[in-house]
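Here is a short briefing on one protein structure. Please look over the sequence and the model before reading on.

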Amino acid sequence: MRYLPLTPEDRQSMLAKIGVQSVDELFVDVPEEARLTGPIHGLPMHAGEMAVEAHMKALAKKNHAAGDMPFFLGAGAYRHHVPASVDHIIQRGEFLTAYTPYQPEIAQGTLQTLFEFQTQVARLFGVDVANASMYDGSTACWEAITMARRVTKRSKAILSSGLHPHYVSVANTMAKFTKDHLVYEAPALEAATDGESLLDQIDNDTSCLVVQYPDILGRIADMSALAEKAKAHKALLIAVVTEPVALGAITSPGEMGADIVVGEGQSLGVGLQFGGPYVGLFGCKQKYLRQMPGRLCGETVDAEGKRGFVLTLSTREQHIRREKATSNICTNSGLCALAFTAHMTLLGEKGLRELAMLNHRKAVQAADRLSKIPGVKLLNDSFFNEFTLVLDKDARPLVRALADQRILAGVSLGRLYPQEGPLAHGLIVAVTETVSEDDVEAFASALEGALA
């Protein structure tokens, strides 16, 4: 049954009230040539439910799911095994709701989950406090840059060459409106990170230094020296983590002195899903709490002394006067945050560490196998589950050729940096627990044939 709440009599009454005879008169100001006189060209006419389902299934068959073939894509979005229980939990009625938890007495389940999510993110990042999530990693990165400007009263942000180019693109777009000055240049195909050059760039005009960990090429660097230099100049160190599983194996950014840590939480609990929705992670030191964007759930007691949860800090435009807001972010990715929390809870600290070591072990084995192929060089001297191969030819057509053989070989640097010719031979390869030895061997054989 179609949902048509208004009867013809209702419509006529409404039209009479505003002084017109028909609905068409409401569009009298629209030029005649701009009005539709028939069906929209190229858009199919309406059809029955069965016909629409059949059509959509036919379209879906043109896609390849990540699990249908050897899969080595990464560069900010990773394929991990998500336990079936995660999907079951997030579909429970206590959580699967569009209701925003303004009224805590109605939303205790949601608020408690967000409270636990914050605790997990803070411990994972090694920081004092985390918020109740952001949209995704790239926008969380930009929010961190604007937060640093509020704290330092400066507008010069230094972006590491190892920062994901999509994150850089978001920052550049937003900086057009805020007039922030962003210092950035594309990476070079070398094993060393840009840590030394970043140290030289920090000065008394710097608001923040933004460093990805591990970076876009999979390289891992100690950020302690950067944190000390930033502190000496009263600037903030922002660490960006696109693969949170890595923190089960390597030192957290907070332990190395990062002031703000942001990232993408998709790896835990959230599938690839054609690129979204994802969940942004955001944490910082306690002293910067009041400048943190978004909102924060806190624990309290009710009038009877029972444990309860509330929105403790809500520094966004929906809650306070615009001039006092730290951000115009409208919501958090609550359902994805719940999936993250469910997956993390099922893993536990021990499980996360085991998962991380499994990822690293498989990646090392794959890197050893692939780097033995003639025409292939392993760039990295350290990595977690993602590394960069330097090929003796442009990686873009090679990736396309392997995709035609049903092998998703990785992300070509030429695709991420189309204007940077020297990077065209670079190929970023991600290896998670979902990759089998047969997958690696199929990739190696196809790659060897393509380079021959």
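The notes below cover a helix, a strand with its partners, and the cysteines. This is a predicted model: local features need pLDDT of at least 70, side-chain atom pairs count only at pLDDT 80 or more, and totals for chains, interfaces and linings use all residues. Residues are numbered from 1 along each chain as its sequence is written, and side-chain values use heavy atoms, with hydrogens and water left out.

**Helix 10**

- Helices (H or I, at least four residues) and strands (E, at least two) are DSSP runs, numbered from the N terminus.
- Helix 10 spans residues 395-404, and its residues Ala395, Leu398, Val399 and Leu402 are buried (under 20% relative accessible area; exposed is over 50%, partly exposed in between, with a 1.4 Å probe and protein chains only).
- These residues sit on the same side of helix 10 because they cover an arc of only 100° around the axis (the arc of the directions from the helix axis to the C-beta atoms).
- An α-helix has 3.6 residues a turn, so residues three or four places apart point the same way.
- Pro397, Arg400 and Asp404 are exposed, on the face of helix 10 turned away from its buried side.
- The buried residues of helix 10 pack against strand 11 (386-391), strand 12 (411-412), strand 13 (426-430) and helix 12 (437-451); contact means heavy atoms within 4.5 Å.
- At the start of helix 10, a side-chain oxygen of aspartate 394 comes within 2.9 Å of the backbone nitrogen of arginine 396.
- Just after helix 10, arginine 406 has a positive phi of about 65°.

**Strand 4 and its partners**

- Strand 4 (residues 206-212) is largely enclosed by the rest of the structure, because 7 of its 7 residues are buried.
- Strand 2 (residues 156-159) runs parallel to strand 4, joined by 4 bridges; two strands pair if DSSP finds at least two bridges between them.
- Lysine 156 stands opposite threonine 206 in strand 4.
- Strand 5 (residues 236-241) also pairs with strand 4 in the parallel sense, over 5 bridges.
- Valine 210 has isoleucine 238 in strand 5 as its bridge partner.
- From strand 4 the chain crosses through helix 8 (residues 224-232) to strand 5, in a right-handed β-α-β crossover (with the strands pointing away from the viewer, the path from the first strand over the helix to the second runs clockwise).

**Cysteines**

- A disulfide is a pair of cysteine sulfur atoms within 2.5 Å, and by this rule the count is 0.
- Cysteine 297 is in no disulfide; the nearest cysteine sulfur, that of cysteine 284, is 15 Å away.
- Cysteine 297 is buried, with a relative accessible area of 1%.
- Cysteine 336 is in no disulfide either; the nearest cysteine sulfur, that of cysteine 297, is 16 Å away.
- Cysteine 336 is buried, at 11% relative accessible area.

Terms used
A polar contact is a pair of N or O atoms within 3.5 Å; within protein, one must be able to donate a hydrogen and the other to accept it, and residues adjacent in sequence count only if both atoms are side-chain atoms.
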